[in-house]
Structure formats: structure tokens, C-alpha cells
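Trainee: Could we go through the labels on this model together and see what stands behind each one?
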Amino acid sequence: MHEILEQLSAIKLIPVVKIDNAADSAPLCEALIEGGLPVAEITFRTAAAAEAIKIAAGIGDMIVGAGTVLTVDQVKAAVDAGAKFIISPGIDEEVTGYCVDNNIPITPGIATPTDIQKAIKLGLEVVKFFPAEAFGGLKTLKAISAPYGNMRFIPTGGIDAGNILDYLAFPKVLACGGSWMVKGELITGKKFGEI
């Protein structure tokens, strides 16, 4: 398993972050580090994503990744900005293949056994189970993961303080992703102390 994925496994929680203003990246990352979470998945849902990743990559021991990555061009922009890992909502063979060929850790989203088999065929050991709660939560993850002994999962989507410990107790869960502790209004309101 890639060293970055090992680090994510040790941290257990990946804050999923949407940043509208790249200048918010530094205080957000400092708040996450201070709170014991030196990691963020900054999503490519805004025009500020690449610049926010670049700023985050320069802060201390921060492990910054790019989320909602849909194209190879976005992978390149994210890695050029300093992203250490890529997360996508679905399993796109071109994007995943590019990452695998270039030793860039990627965890594409899956929701079915067919998706898991595609991931295995592409050489992956870790995938994102997304949207976790909408697809039946931990019960579904346990059922679809049963035939795949070596595959690990990062459930994301509907994960919060009320269910995260249940997910993390399942041995096939590497870590959990979630936006619940880094809500957009806290970032735009510059309430980094609350984060």
C-alpha cells in the first residue's frame, strides 16, 4: 500500500473541504493541525481548488489531497499544486489509470461489486465507498466487501459524529471522509476556532 494511504489509515478521518476563497486555506489547515487532523481533501468544486491546495501543501505536516477529481487535467493540476492523493466520486478508468501509471495514490468512488472488481483490475487496494449512507451504510459495505478480502474502503457521504465509530470499527475501513466538521459556513465565516 502507498505510504500516503498508510498515513491516512493512521489518521482515520479525512475532512472533506470546499474552499471558495483560496486565502482561507492557510487558517483552515492550521486549525485542522491544531485539532489533531493534519489532513484535508480539498474538492475541485470551486475555481479556488488548485490555489487552495498549493497553499495547504506548504503548511507544516499537512497531508493535502484533491477531491471531486473528474479528469486527468484536474489530476495534473492537483499534483502540480502539491496534492499527495486523489479522490474521485466514481471510478473513471482514464483518471484512475493515469494515477496508477504515475504512482499517484487514488481512491475512486465505488458503490457496487462490479465497481470493486474494476478497481482490482486497475491495481487498486483502497477505494472510496460513496455515497455511503445513501447506498445503505455499513450494512451494505459489509455485504459488498465480503468477497474482496484485500480491498480496503474509505466510506464518505453521510458520515458524521453519530456513525463514524461504527464505520471505523469495521476492519476493512481504512479511514472515513466527511464534511461534517468543516462546514462551508464555518470557512466563509472565518470561524476556524470552531473547526
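Mentor: Gladly; here is what the labels rest on.
This is a predicted model, in which local features need pLDDT of at least 70, side-chain atom pairs count only at pLDDT 80 or more, and totals for chains, interfaces and linings use all residues. Residues are numbered from 1 along each chain as its sequence is written, and side-chain values use heavy atoms, with hydrogens and water left out.

Trainee: Why are α2 and α3 called oblique to each other?
Mentor: Helix α2 (residues 25-34) and helix α3 (residues 49-57) pack at about 45°, with axes 9 Å apart. Angles under 35 degrees count as roughly parallel, over 145 as roughly antiparallel, 65 to 115 as roughly perpendicular and the rest as oblique. The pair is therefore oblique.

Trainee: What makes the contact of α2 with α3 nonpolar, polar or charged by class?
Mentor: Contact means heavy atoms within 4.5 Å. S25, A26 and C29 in α2 meet A52, I55 and A56 in α3. By class, that gives five nonpolar, one polar and no charged residues. Ala, Val, Leu, Ile, Met, Phe, Trp, Tyr, Cys and Pro count as nonpolar, Asp, Glu, Lys and Arg as charged, and the others, Gly among them, as polar.

Trainee: What makes strands β3 and β4 a pair?
Mentor: Strands pair if DSSP finds at least two bridges between them. Strand β3 (residues 63-67) and β4 have two, in the parallel sense. In β4, I86 is the bridge partner of A66.

Trainee: Which way do the residues of β4 point, and are they buried or exposed?
Mentor: From strand β4 (residues 85-88), F85 and I87 point one way, I86 and S88 the other, and all are buried (under 20% relative accessible area; exposed is over 50%, partly exposed in between, with a 1.4 Å probe and protein chains only).

Methods:
Axes are lines fitted to C-alpha atoms, for helices over the stretch in contact, and angles run from 0 to 180 degrees between N-to-C directions. Helices (H or I, at least four residues) and strands (E, at least two) are DSSP runs, numbered from the N terminus.
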